[in-house]
Amino acid sequence: MEDDNLNDTDRALGFTIPARHARGRIVRLGPVLDTILAAHAYPPAIEALLAEALTLAALIGSTLKDAGGQLTLQAQTDGGVVKLLVCDYKGGELRGYVDFDAERLAAGPEQPTLFALFGAGYLAITFDQAATRERYQGIVPLDGDTLAQAAQNYFVQSEQIPTLVKLGITRQADGSHVAGGLFLQHLPEGEEGRERLHTRLDHPEWEHVAILGGTMGIDELADPALSLETLIWRLFNEEDEVRLLSEVAMTRGCRCSPDYIAQVLGKFPVEEQRAMAGDDGMITVDCAFCAQKFPVAVSDVVL
């Protein structure tokens, strides 16, 4: 049911459908997304790309069981307008930026394709588990029409898990952004110790879940007047049981600070620190994520 007074944004909610051996995650971003985008003042095409990538990072990152774990999405180009796109998620905190060729972007169409933006590029998805200190990375080519398709290909090819990813971004009348995402996966048959590669892509249970997930519209995903619980109910209200999991609140997060920058600079040899400094004895460090400059005096980092 729609509630015009509701503003359900900046959180992710997980769920499972035990009888279908399926799990899902739904996310919606609002003010957090606007805060990140406002720091960069990107052209509309790049802004839309970053919004989609941040939503994808929130969607997949919030599935991490390790509270200290981190998910990083990195898309690199081969002949495209975008040189590098990086987003990461850690404990509900999101950040991201895009490095691109402004002149080539301006010379192209108003709404460039994914291929125009990245060429023969690739998407790398990296999971860092803080508890076990393990790192796992999968790489897939950016050969779909959207980042959502690339992410689906990653899970099918690298993880061998049938997956559905849907993303949608809208711009409100007041100029603010709202983005939503749906993530569905079919898990192994539920038999103890069974390998995930035995999960069949054409399994009837998965076909049923995927068809239902495919009916979710972009307008619903990105409508803050619809609660995430309502969206899950709309999709799966005829199932015998749908278990809601704990929610994750989303915030803008950038781990840079004057103290952190000083610690990083302190790892460089003294000669290199002095070479980085200007005539005023200050080293100015630009943070690509939050678009802030951090001036640090050499005297504060030289030991």
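Contact means heavy atoms within 4.5 Å. Axes are lines fitted to C-alpha atoms, for helices over the stretch in contact, and angles run from 0 to 180 degrees between N-to-C directions. Helices (H or I, at least four residues) and strands (E, at least two) are DSSP runs, numbered from the N terminus. The model is predicted, so local features need pLDDT of at least 70 and side-chain atom pairs count only at pLDDT 80 or more, while totals for chains, interfaces and linings use all residues. Residues are numbered from 1 along each chain as its sequence is written, and side-chain values use heavy atoms, with hydrogens and water left out.

**View 1. Helix α2 and the strands it lies across.** Helix α2 (residues 44-61) lies across β3 (70-76), β4, β5 and β6 (122-129), and runs at about 35° to β4. Helix α2 also lies across β2, β8 and β9 (177-186), with an angle of about 135° to β8.

**View 2. The open sheet of 6 strands.** The strand order is β7-β6-β3-β4-β5-β11, with mixed pairing; two strands pair if DSSP finds at least two bridges between them. At the edges are β7 (134-141) and β11 (251-252), each of which pairs on one side only. Strands β4 (residues 82-90) and β5 (residues 93-100) run antiparallel and are joined by 8 bridges. Within this pair, Cys-87 stands opposite Gly-96 in β5. Helix α5 (residues 147-159) lies across β6 and β7, at about 115° to β7.

**View 3. The open sheet of 5 strands.** Here the order is β8-β9-β2-β1-β10, and the pairing is antiparallel. The edge strands β8 (163-171) and β10 (243-249) each pair on one side only. On average, neighbouring strands of this sheet are turned by 10° against each other, direction ignored. Between β1 (residues 11-17) and β2 (residues 22-29), which run antiparallel, there are 7 bridges. Gly-14 stands opposite Arg-25 in β2.

**View 4. Aromatic pairs.** The structure holds 4 aromatic pairs (rings of Phe, Tyr and Trp, its six-membered ring, with centres within 6.5 Å; planes under 30 degrees apart count as stacked, over 60 as edge-to-face and the rest as tilted). One of them, Tyr-42 with Phe-100, is edge-to-face, at 5.8 Å centre to centre and 80° between the planes. Tyr-42 lies in the loop between α1 (31-38) and α2, and Phe-100 in strand β5, so the pair ties together parts that are 58 residues apart in sequence. Tyr-42 is buried, with a relative accessible area of 13%, and Phe-100, at 18%, also counts as buried (buried means under 20% relative accessible area, exposed over 50%, partly exposed in between; 1.4 Å probe, protein chains only). Tyr-154, Phe-155 and Phe-183 form one aromatic cluster.
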